[in-house]
Amino acid sequence: MKKYTTWILVGIIVLLAAVLTGVLVFMKNQPVEERAFQPLVEIALMEPVSEKWGVNFPNQYTTFLKTETNNIDTTYAGSSQFSWLERDPRQVILFAGYAFSKDYNDDRGHANALTDVRATKRLNLNDEDPKHTPGTCYSCKSSNNPGIWSDIGMAEFDKMSFNELTPLINNSIGCANCHEAGTMRLIVTNPALKEALEAQGKDWETFTRQEMRTVVCANCHVEYYFKGDGKYLTFPWANGTEINQIIEYYEKSGFKDWDYPEAGTPMLKAQHPEFEFFTAGSTHYNAGVSCSDCHMPYMRDGAAKYSTHDVHSPLLNPEQACGQCHTDSEYVVRRVNLIQDQVATTKVETENAIIDAINAIKLAAANPNANQELLDQARNLHRKAQFMWDFVSAENSTGFHNPEYALKILADSTNLARQAQMLAAQSVNDMALLETGIYDKMDPKPVPAK
Ligand code: HEC
Ligand code: HEC
Ligand code: HEC
Ligand code: HEC
């Protein structure tokens, strides 16, 4: 009897030990985050309401909310909505005939994206019928989008008008634009980005975490256009993401955003190509630095470390944004100032050259005897020169993200604009059209239309 009890006891102990070992091995194999983190609430996949995610992640949520009230400006950027047209009235001329000549404000924080897209005077400006403003304009403004795209598909979304989509969209940018609920990993949420990467033979699911800390911003901070009657959101990346490859793409597709009044040039508007600009061999990109390293640096809350979601100009917090890698953040900020001053000055010279080209082409186009072939060549160079200038101008870092690239593009653009002016003069055999610096002689200077 006693012998049996001993054996049973030994059996139980062996069994318990085995179970315990199993549990420990299982726990050890769990990913770090899942072990460390117990969610308070379950978050539905593609949940549009950021506040619900905020219950689990209060630090990320409260820092994200700050983007709504940020209002501090830097020399060339910052978080107020100053008007680019007032700051640089040359842009009123450069965008003549297009909505950007009427309303063009600087960007501000993520929590304002929805309010701002609804308020811009660019909506419906060229059209009596508000239905004609495409719903595609909502693509980068709301955390409702991932859910809607998954329900009806992006093609249907883009076919809807702005007004038809409005009732379905009630949140600004939020957690669902960048994260997968549950795993919280960074994801591609914009189908246009997925397709653009696929067109280059790339699958974002294979990207490293550090790559995703840049690619997640490419859901929105990119060059894009609305393709065809369905206004299908498309990134012009099939040839690659460098400026010449994008121009080549647009030349082949024949796409234009508008015709320049009186000159007749089929124009392109660049959007906000931060991703393409930064990844084109910049010093920081080549060194493996990501957008998030500078714009979402780590912060401390007691023992916890988290990424600030208060995304804004890094010049407002250089200690955190640059100090993690550069011992002297004052020095690198001075470097930024020098780079930006140089790019801003060069940019104005390019603008003057393009305005000279525009005036020459307008005069030539008004002359019935103009050589049309030469005039069309002039228009094509005007189209390219302005897109190149705009690529640097609409990119929001005033050259800092890739300084050499910015100066190279501006130099090439100025060169093309001067060639365009020359061809326009030749087309009517009138060398008076070669006059330069017309903008600076203009009095009064143009003011933005109301
Ligand atoms: C090495 C640091 C660094 C990296 C990496 C970086 N940025 Fe920036 N970014 C800056 C600086 C500096 C500015 C200029 C801010 C200013 O002029 O006030 C800036 C400006 C901006 C602005 C305009 C800010 C404003 O106040 O309007 C946006 C938008 C932006 N960056 C997005 C991105 C995106 C997207 C990426 C990645 C593709 C990126 N940045 C990578 C440092 C960085
Ligand atoms: C879902 C689209 C979307 C994603 C994803 C996104 N942005 Fe933005 N971002 C915007 C829009 C739209 C604005 C302008 C909002 C406005 O002006 O109302 C903006 C504005 C900004 C600004 C200017 C803020 C200010 O105060 O002036 C910075 C800087 C910025 N984004 C950086 C980033 C970085 C870095 C990433 C990636 C980590 C990123 N964004 C991801 C759409 C997005
Ligand atoms: C514009 C894109 C973007 C949005 C919007 C966004 N995040 Fe993030 N989030 C990031 C990036 C980038 C990281 C850094 C991820 C990494 O390093 O792997 C991050 C990291 C995190 C992490 C991991 C821990 C940390 O802080 O590094 C959590 C949790 C998180 N975010 C929660 C949220 C919540 C909650 C929201 C909504 C209130 C939100 N995020 C909105 C881009 C975003
Ligand atoms: C994650 C690390 C990291 C962060 C964050 C970072 N940098 Fe850098 N930075 C680098 C590296 C690496 C280099 C290249 C160093 C080299 O080649 O000597 C560099 C180079 C530079 C240079 C010299 C570039 C050149 O081409 O001459 C400047 C200026 C600079 N950084 C400014 C900044 C500013 C401003 C910030 C903050 C907004 C910043 N960096 C944030 C890593 C970083």
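The expected span of a helix is 1.5 Å times one less than its number of residues, and helices (H or I, at least four residues) and strands (E, at least two) are DSSP runs numbered from the N terminus. This is a predicted model, in which local features need pLDDT of at least 70 and side-chain atom pairs count only at pLDDT 80 or more, while totals for chains, interfaces and linings use all residues. Residues are numbered from 1 along each chain as its sequence is written, chains are lettered from A and ligands numbered from 1 in the order in which they are written, and side-chain values use heavy atoms, with hydrogens and water left out.

**View 1. Helix α19 and its start.** Helix α19, residues 372-394, has 23 residues and reaches 32 Å from its first C-alpha to its last, close to the 33 Å expected at 1.5 Å a residue. At the start of α19, a side-chain oxygen of asparagine 371 comes to within 3.0 Å of the backbone nitrogen of glutamate 373. This is a polar contact, that is, a pair of N or O atoms within 3.5 Å; within protein, one must be able to donate a hydrogen and the other to accept it, and residues adjacent in sequence count only if both atoms are side-chain atoms.

**View 2. The shell around ligand 2.** Ligand 2 is surrounded by 25 residues, the closest being His110, Asp116, Cys217, Cys220 and His221; a residue is near a molecule or strand if one of its heavy atoms lies within 4 Å of it. An N or O atom in the side chain of aspartate 116 is 2.5 Å from an oxygen atom of ligand 2, and a backbone N or O atom of aspartate 107 lies 3.2 Å from an oxygen atom of this ligand. Two or more residues of the shell come from each of α7 (113-119) and α16 (291-295), and α16 gives the most, with three residues.

**View 3. The iron atom of ligand 2.** The protein donors of this iron atom are His110 (NE2) and His221 (NE2), lying 2.0 Å from it, where donors are N, O and S atoms within 2.8 Å of the metal (3.2 Å for Na, K and Ca), and water is not among the atoms, so sites may look incomplete. The pair links distant parts of the chain, 111 residues apart, with histidine 110 in the loop between α6 (90-94) and α7 and histidine 221 in the loop between α12 (209-215) and β1 (225-227). Histidine 110 is partly exposed, with a relative accessible area of 26%, and histidine 221 is also partly exposed, at 30%; buried means under 20% relative accessible area, exposed over 50%, and partly exposed in between (1.4 Å probe, protein chains only).

**View 4. The shell around ligand 3.** Of the 19 residues around ligand 3, Cys175, Cys178, His179, Arg209 and His309 come nearest. Oxygen atoms of ligand 3 lie 2.6 Å from an N or O atom in the side chain of arginine 209 and 2.7 Å from one in the side chain of arginine 213, while a polar side-chain atom of histidine 309 is 2.8 Å from a nitrogen atom of the ligand. At least two residues of this shell are supplied by each of α3 (50-56), α4 (58-65), α12 and β6 (304-307).

**View 5. The iron atom of ligand 4.** His284 (NE2) and His326 (NE2) are the protein donors here, lying 1.9 to 2.0 Å from the iron atom. Histidine 284 belongs to helix α15 (residues 283-286), whereas histidine 326 is in the loop between α17 (318-321) and α18 (329-365), 42 residues apart.
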